[in-house]
Amino acid sequence: MEFFRIHKTIPFMRHAVILNVISLVTFLLAVFFIAHKGFHLSIEFTGGTVMEVAYPQAVELEKVREVVAAKGYTDFQVQNFGTSRDVMIRLPVVEGKTSTVQSTEVMQALKTADSAVELRRVEYVGPQVGEELAHDGLLAMLFVVIGIMIYLAFRFEWKFAVAGVLANLHDVVIILGFFAFFEWEFSLPVLAAVLAVLGYSVNESVVIMDRIRENFRKQRKATVVEVIDSAITATMSRTIITHASTQMMVLSMLFFGGPSLHYFALALTIGIWFGIYSSVFVAAAIAMWLGVKREDMVKPIKKDTEVVGG
């Protein structure tokens with residue numbers, strides 16, 4: 001489906017060197033911030049106290065957050081689970097305070113604000129559980145990357161496969177760099193968003209690479225640069241429609257989804273924009289610099305020779 005068609009080929013590869021230098025600098029800065037500052041891990045990874053409380057009627061989560069924040073907590077989570085009357089509160093580890101002390105003082109504050117609130121469950125999540133989650137999360141990311149590499153290796157010629165993998169890693173590292181630099185909370189939903197971006201970004205790269213392969217077969221006299229520019233231009237309408245639709249949904253989560261979905265939507269937003277950028281300027285440019293050519297896409301036809309004996 002196309003709402004518009006671009007008739008004049010846009011010379012994307014003309015600016016490939018400058019844009020990839022900027023991309024490389026951004027990538028290296030992201031690696032530096034990840035190594036130097038690390039991540040502001042959420043309670044799932046660091047451990048803490050989990051409280052489940054129930055109200056007789058639907059409660060506004062913002063009011064619960066205000067009560068918890070008044071007790072001096074900053075890194076905490078408040079969210080509904082099950083129904084709008086049930087609330088889960090996650091409190092970080094505080095030096096000198098046990099899980100029992102934390103839950104008691106928070107519960108007293110909640111009862112002061114609303115005497116009808118009931119405590120259903122208190123549970124301590126130890127750092128060991130958090131370490132296991134972090135380990136499992138890294139393994140999940142590694143398996144996704146390996147799966148993408150295998151898929152691209154079978155789907156395309158190796159130069160396209162290498163370009164696609166590098167472009168995807170570029171997106172993930174930059175997302176992580178944003179979270180490290182701004183010290184945004186890195187939680188399980190954010191990890192899920194990063195994994196989603198991996199799949200989302202590779203889809204965009206595959207669409208462009210497919211069109212490049214198709215153009216190599218159709219445009220016999222065009223140069224490699226002309227083929228790549230033509231392929232990217234031809235997919236621009238699809239790219240704009242697809243990503244604009246996705247971004248509208250993600251922005252609705254970002255602005256109206258509340259604190260629980262804020263960083264999840266933020267990671268997706270960064271991933272969407274850099275996914276477009278990397279598919280057009282990183283993946284296509286790397287494939288071009290690796291020397292992709294028509295012979296890689298279009299195999300020569302072997303003619304059978306008949307020997308006539310007399």
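This is a predicted model: local features need pLDDT of at least 70, side-chain atom pairs count only at pLDDT 80 or more; totals for chains, interfaces and linings use all residues.
Helix α9 passes helix α10 in a left-handed crossing.

**Stop 1: α9 and α10**

Select residues 259-289, which form α10, and show them together with α9; the two axes lie 8 Å apart and the packing angle is about 165°. Angles over 145 degrees count as roughly antiparallel, and α9 and α10 are therefore roughly antiparallel to each other.

Next, show side chains. On α9, pick the contact residues Thr 239, His 243, Thr 246, Gln 247, Val 250, Leu 251, Met 253 and Leu 254. On α10, the contact residues include Leu 261, His 262, Phe 264, Ile 272, Trp 273 and Ile 276. Colour the residues of this contact by type: 12 are nonpolar, 6 are polar and none is charged.

**Stop 2: α7 and α9**

Which residues make the contact? From α7, select Tyr 200, Asn 203, Glu 204 and Val 207; from α9, select Arg 238, Thr 239, Thr 242, His 243 and Thr 246. Coloured by type, the residues of this contact are 2 nonpolar, 5 polar and 2 charged.

**Stop 3: back to α9**

Finally, select Thr 239, His 243 and Thr 246 on α9. These residues are among those in contact with α7, and they are also among those in contact with α10.

How values were computed: Residues are numbered from 1 along each chain as its sequence is written. Side-chain values use heavy atoms; hydrogens and water are left out. Contact means heavy atoms within 4.5 Å. Helices (H or I, at least four residues) and strands (E, at least two) are DSSP runs, numbered from the N terminus. Ala, Val, Leu, Ile, Met, Phe, Trp, Tyr, Cys and Pro count as nonpolar, Asp, Glu, Lys and Arg as charged, and the others, Gly among them, as polar. Axes are lines fitted to C-alpha atoms, for helices over the stretch in contact, and angles run from 0 to 180 degrees between N-to-C directions. Angles under 35 degrees count as roughly parallel, over 145 as roughly antiparallel, 65 to 115 as roughly perpendicular and the rest as oblique. A crossing is left-handed if the near helix is turned anticlockwise from the far one by less than a right angle, and right-handed if clockwise.
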